[in-house]
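Hi everyone, thanks for making the time. I'd like to walk you through one model today, so let's get it up on the screen.

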Amino acid sequence: MDDQEAMRLAIAHAHSVEGRTAPRPPVGAVVVRDGVVVGQGATSPPYGPHAEVHALNKAGELARGADLYVTLEPCCVTIHTPPCTRAILAAGIRRVIVSSLDPNPLVSGQGLAQLREAGIEVAVGVGAEETDEIIRPFATFIRQQRPYVTAKWAMTLDGKISTHSSDAYWISGPAARRWVHNLRDRVDAILVGSGTVRADDPLLTVRLTDEERLYARAPRQGPLRVVLASQGALPAQSKLLQPGLASGTCIIVGEDCPVEQQQRLRDTGVEVIQVASNKTGQLDLTSTLSALAQKGVMHVLIEGGNSTLGSAFDQQRIDHVAAFIAPKLVGGEAALSPLGGKGLAVMREALQLQQVHIQTIGEDVLIEGELSYG
Ligand code: AOF
Ligand code: ZN
């Protein structure tokens with residue numbers, strides 16, 4: 001087993017716990033001795049042991065003189081659990097192969113320095129292209145104290161997310177929808193606007209069979225469901241508000257949402273959070289995101305609709321775009337496009353996706369990329 005192969009296994013472990021570790025990063029670790037895997041593991045739900053500790057414990061005495069592959073620089077400080085660097089030294093590991101540096105300023109670079117000082121051979125960067133991507137939500141969360149925001153939409157080739165009569169079932173095909181459920185399975189929260197709740201009555205749950213999962217993943221409760229509803233006006237019969245389903249749902253309302261309306265929502269079992277509105281009367285996304293960060297949300301997926309996505313774009317709060325384009329046409333001036341809101345006036349100011357990745361999923365094309373704001 002070479003370095004690449006061992007790191008690929010560690011990366012699969014990191015993927016297996018995405019959406020299950022917040023507010024900590026998802027990490028995978030593998031111990032290899034004489035080319036054979038003798039221990040492996042992933043970060044536990046808060047605040048159990050880190051990935052390295054699981055892998056080292058499984059390896060036991062076989063860790064002495066072995067190599068450790070880990071997708072993130074091992075930690076060197078006690079936050080909730082003892083430093084992994086200490087566990088690595090105690091286990092007698094000979095060489096540590098790290099993929100990404102820890103963006104946490106308390107660790108960044110110092111974890112590696114500690115290992116080197118103790119005479120352990122350290123290599124960095126194997127598989128970093130993939131692990132840097134896995135670590136992005138945590139990096140945004142730890143550096144900016146806000147969740148990383150992925151905006152996802154599916155549109156027809158002529159750029160519509162529904163017909164002029166608001167019909168949107170289905171734009172993309174079954175393979176794309178499975179991909180989206182895998183994305184939901186990786187995030188901490190899914191956010192939509194009240195218009196989407198009215199139009200689509202979504203469940204916002206992860207519905208995947210084990211065969212449909214891109215990675216074996218640990219079981220969990222499911223992502224937090226968040227609805228932006230400045231006046232708190234949601235149909236009482238919405239699926240999201242039904243008894244038994246409402247827990248794990250959070251409604252974000254504006255300052256001027258009547259108290260009685262808030263109480264009506266709370267009576268269904270949902271949590272209601274009040275945030276400020278901006279000058280144009282939209283719910284302030286910065287306040288919304290910081291409220292979600294306080295709940296430990298590291299990665300939020302915005303699934304629509306056009307005014308919520310447009311408002312996130314106008315407020316420069318989209319970090320990652322995942323856009324499906326279906327080879328279909330519906331036409332119609334009144335049919336909506338993905339980003340409503342105000343938009344930009346001149347093309348030369350258009351936001352350019354970075355690290356663009358284009359792939360075909362079933363019949364649809366998926367374009368992904370990062371946005372940064374100057
Ligand atoms: C690792 N391995 O599996 C993870 C790490 O609150 P604590 O004690 O769990 O520490 C969290 C910090 O540890 C977190 O901010 C990040 O810097 C690092 N996460 N490190 O060596 C792991 N999840
Ligand atoms: Zn650690």
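Predicted model: local features only at pLDDT ≥ 70, side-chain atom pairs only at ≥ 80, totals over all residues.

The chain carries 10 helices and 14 strands. Along the principal axes, its C-alpha atoms fill a box of roughly 65 × 45 × 40 Å. How does the radius of gyration compare with that of a compact globule? For 374 residues such a globule would come out near 21 Å, and the chain has 22 Å, which agrees.

The UniProt record, an unreviewed entry, places "domain: CMP/dCMP-type deaminase" at residues 1-123.

Now the five-stranded sheet. It is open, the pairing is mixed, and the order reads β2-β1-β3-β4-β5. At the edges you find β2, residues 36-42, and β5, residues 121-124, each pairing on one side only. On average, neighbouring strands here are turned by 15 degrees against each other, ignoring direction. Inside the sheet, β3 (67-72) and β4 (95-100) run parallel and share five bridges; Asp67 has Arg95 in β4 as its bridge partner.

Two helices lie over these strands. Helix α4, residues 110-117, lies across β4 and β5 and makes an angle of about 150 degrees with β5.

On to the other sheet. This one is open too, with nine strands in mixed pairing, ordered β10-β9-β8-β7-β11-β6-β12-β14-β13. The edge strands are β10 (271-275) and β13 (354-361); each has a single partner strand, so one side of each has no neighbour in the sheet. Neighbouring strands in this sheet are turned by 20 degrees on average, again with direction ignored. If you zoom in on β6 (148-156) and β11 (299-304), you'll see a parallel pair joined by four bridges, where Ala151 stands opposite Ile302 of β11.

Which residues come closest to ligand 1? Of the 18 residues around it, the closest are Val27, His50, Ile79, His80 and Asn104. Sorted by class, the shell holds 10 nonpolar, five polar and three charged residues.

That's my tour, and I'm happy to take questions.

Methods
Residues numbered from 1 in each chain as written. Chains lettered and ligands numbered in written order. Pairing = 2+ DSSP bridges. Axes fitted to C-alpha atoms, helices over the stretch in contact; angles between N-to-C directions. Contact = placed C-beta atoms within 7 Å. UniProt positions renumbered as here; feature names shortened; annotations may be inferred. Near = placed C-beta within 6 Å. Nonpolar A, V, L, I, M, F, W, Y, C, P; charged D, E, K, R; others polar. Rg over C-alpha atoms; globule rule 2.2 N^0.38 Å.
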